[in-house]
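Have the sequence and the 3D view ready.

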Amino acid sequence: MKSSSHPALLARRRFLPAVLGLWMAVLSTGCGRDEPSEGATATGTAERLTVGIAFETLQTEYWVAGYEALKSECARRGFKVLEAVADGDANRQLEQVKNFITRRVDGIILVPKDAKTCLPAIRAANAAGIPIVLFNRPAAQSDATSVAVVADNPGLARATVDYMIGEARKTGRKHQAMILMGDLGDINAIGRRDGFDAAVAAAPDVIEVVSRIPTEWNQEKAQAGVVNGLQANPGIRFIFSSSDFLFPSIVSALKAAGKYHRIGDPGHVILGGIDGDATAWQMLQDGYLDATGVQDVYFEAAQSVEALVALREGRDVASVILDPGFVIHQGNFREMAEKTWGANVGK
Amino acid sequence: MGSPALTGLHDRLGAAASRAGRSGFLILGLSILLFLALAPFTPALASKGNALNLVGNLVPLFVVATGLTVVLISGGMDLSLTSIIALTSVVGAMVMNGDTGWLAGSPLAAPTAVAVMLLLGAAAGLINGVAVALLRMPAFIVTLTTMMFFSGLAIWISQSKPVDRLPDGFIALGSRPGIAVGIAAVLGGWAHLMLTRSLFGRWLHAVGQNPRTARVSGVPVAGVLIAAYVVSGVFAAAASVLYTARLETGSPVHGQRLLLDVLGATVIGGTSLFGGRGRVAWTLCGVLFLTLLDNALNLLGLSHFTIMMVKGGVILLAALLDGWRSRMLYGS
């Protein structure tokens with residue numbers, strides 16, 4: 001056998017072009033991200049902007065839905081989108097925003113890690129003269145300038161819990177209640193807790209809060225907390241979760257305690273949450289969930305992109321744009337399906 | 001079975017690769033190649049602004065990776081680095097915070113906070129070192145456990161709340177590239193001299209290569225190991241100073257996702273996971289490569305998931321190469 005036809009050498013000859021081809025494919029895929037999607041139609045503005053979208057995480061359905069809604073809104077307007085996800089690392093997020101600035105984007109939409117560590121990133125965008133909009137999480141008060149599009153968390157939580165209290169009142173007896181709180185470094189979690197507190201404070205004849213579970217937005221901690229809370233207070237008949245993504249933990253703990261029953265069953269524990277995710281939607285359909293406050297992701301995405309356009313055009317924009325959201329419950333959830341992002345996940 | 005020509009070629013290639021593999025500077029060449037390969041596709045990569053970004057990203061990672069290099073050379077492992085960053089970050093911020101800090105408003109707030117952070121890092125390293133060297137516990141378990149403990153402590157102390165309103169003098173440490181580079185250069189230079197020119201450096205290598213032989217030769221193995229973890233803790237705290245200053249906030253989750261980057265950069269540089277081999281300059285090359293790779297893939301607009309997969313693959317290749325080099329050098 002000639003050495004030139006040795007399988008190893010032949011493989012090596014094929015290997016190099018294959019590697020080069022793969023390299024070019026990766027580069028073309030990457031560079032292709034700069035191009036707008038085919039079929040995108042420019043509406044609203046003649047300018048074809050490049051928008052950098054930086055998310056802190058995509059770990060929950062809500063963030064994925066928000067990410068997709070923003071990209072859809074940009075595509076609808078014919079804008080290019082650059083993407084970045086920091087995987088929960090504030091320093092990486094700062095690097096990504098600086099990369100956007102290096103690439104001279106026309107605007108940045110940021111979901112910050114938290115209200116404070118995002119300030120250097122906002123300042124960097126300010127210094128570069130690039131408008132920046134914070135999606136769903138506002139920044140702390142500072143000299144850094146940004147626009148925040150956020151849900152009215154206290155109002156939405158209050159409206160949801162008010163509905164749950166109404167259901168509790170119908171039973172004619174006082175309910176022991178539990179709240180699952182989020183990461184109290186997250187202003188959204190604080191707002192939801194405050195909304196819950198305001199609602200239950202106005203109904204002392206119906207609700208007695210006996211258990212407060214700090215989850216730090218962690219499902220394992222939530223599950224352990226609910227198990228412990230139900231053991232310490234077996235009479236709990238009312239549970240409010242600061243986020244729907246904690247429902248699997250709650251359901252698991254309720255099932256273990258033999259307390260997971262449909263609405264109408266004498267043993268039913270009144271359940272409510274915030275977000276409007278696919279799990280909550282399914283629980284509503286199955287008759288286990290009483291209500292959830294829905295963040296209007298589509299409204300927030302549209303407002304975020306519109307705010308960027310307005311800032312670029314020099315128009316005045318409020319520093320905080322509130323998404324009032326809406327409550328879905330057994331009485332209205334079917335008619336609200338189109339507006340509820342959790343009902344559309346996976347479609 | 002291959003032909004003699006092929007066998008000879010294989011041997012020559014193997015010997016050349018082995019020589020190259022022994023030098024962490026191989027990775028510097030790869031960094032240059034990476035830059036040249038990607039620059040035409042991403043013009044922003046070669047811009048001045050991006051160079052500043054790169055330096056800003058590289059410096060704190062280099063500092064913490066240098067500390068890990070010392071531990072790896074001693075044959076140990078330190079998984080608690082990221083939690084030391086978090087713990088020292090919140091404690092330092094609580095010392096100098098302008099609202100409720102213990103030294104709020106004092107001109108000594110920033111230097112005192114930095115000193116407290118470094119001392120706390122040293123104390124954390126001491127705990128790791130004592131557990132590994134004197135209690136004879138596996139480094140992996142010790143530092144995994146202290147990672148959880150320090151992280152929990154940081155969250156408990158701060159109640160999960162980031163601490164901001166830090167003094168301008170402190171923030172300058174992270175926001176001005178010249179100062180941050182100066183700090184990294186001093187720390188890196190000290191570590192390099194310590195590893196290459198001091199008796200302690202020789203002891204570290206000896207312990208990493210074979211602790212039993214080192215003990216027989218009169219090396220104070222326990223003391224060397226404890227000192228290695230203390231150095232690692234101090235360097236993690238120094239990196240925490242840079243990260244906290246850069247983000248203008250002390251946070252119990254700073255550095256939480258950094259471990260793979262730190263470990264990856266160190267191993268890519270050529271420091272061995274099996275102990276006894278490593279250099280600060282190699283680590284600098286590894287950090288440069290990983291930072292440049294991350295930066296370039298970001299600038300290319302690749303998705304987060306693609307970047308994670310590419311980086312994971314590169315680090316895995318580096319670990320494979322490390323195993324191969326160890327077998328070449330020391331046999332199976």
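## Two helices side by side

At what angle do helix H4 (residues 81–96) of chain B and helix H5 (residues 109–133) of chain B pack, and how far apart are their axes? The angle is about 150 degrees, and the axes lie 9 Å apart. H4(B) is therefore roughly antiparallel to H5(B); that label covers angles over 145 degrees. Axes here are lines fitted to C-alpha atoms, for helices over the stretch in contact, with angles running from 0 to 180 degrees between N-to-C directions. Helices are DSSP runs of H or I with at least four residues, strands are E runs of at least two, and both are numbered from the N terminus.

Now for the contact, which means heavy atoms within 4.5 Å. From H4(B), residues including Ile84(B), Leu87(B) and Val91(B) meet a set in H5(B) that includes Ala113(B), Met117(B) and Leu120(B). By class, this contact has 12 nonpolar, 5 polar and no charged residues.

## A word on the model

This is a predicted model, where local features need pLDDT of at least 70 and side-chain atom pairs count only at pLDDT 80 or more, while totals for chains, interfaces and linings use all residues. Residues are numbered from 1 along each chain as its sequence is written, chains are lettered from A and ligands numbered from 1 in the order in which they are written, and side-chain values use heavy atoms, leaving out hydrogens and water.

## Tucked away in chain B

Back in H4 of chain B, you'll find Thr82(B). Is Thr82(B) buried or exposed? Thr82(B) counts as buried because its relative accessibility is 6%; buried means under 20% relative accessible area, with a 1.4 Å probe and protein chains only. Leaving aside residues up to four places away in sequence, Thr82(B) touches Met147(B), His254(B), Gly255(B), Leu258(B) and Leu259(B).

Helix H12 (residues 259–269) of chain B is mostly covered too, with 8 of its 11 residues buried. Among them are Asp261(B), Val262(B) and Ile268(B).

Over in chain A, 6 strands form an open, mixed sheet in the order S7-S6-S8-S9-S10-S12. Strands S7 (207–214) and S12 (326–329) are at the edges, each with a single partner strand, so one side of each has no neighbour in the sheet. Two strands pair if DSSP finds at least two bridges between them. Strand S10 (residues 291–294) and S12(A) pair in the antiparallel sense over 4 bridges, and Val294(A) has Phe326(A) as its bridge partner in S12(A).

Notes. Parallel < 35°, antiparallel > 145°, perpendicular 65-115°, else oblique. Nonpolar A, V, L, I, M, F, W, Y, C, P; charged D, E, K, R; others polar. Buried < 20%, exposed > 50% of the residue type's maximum accessible area, 1.4 Å probe, protein only.
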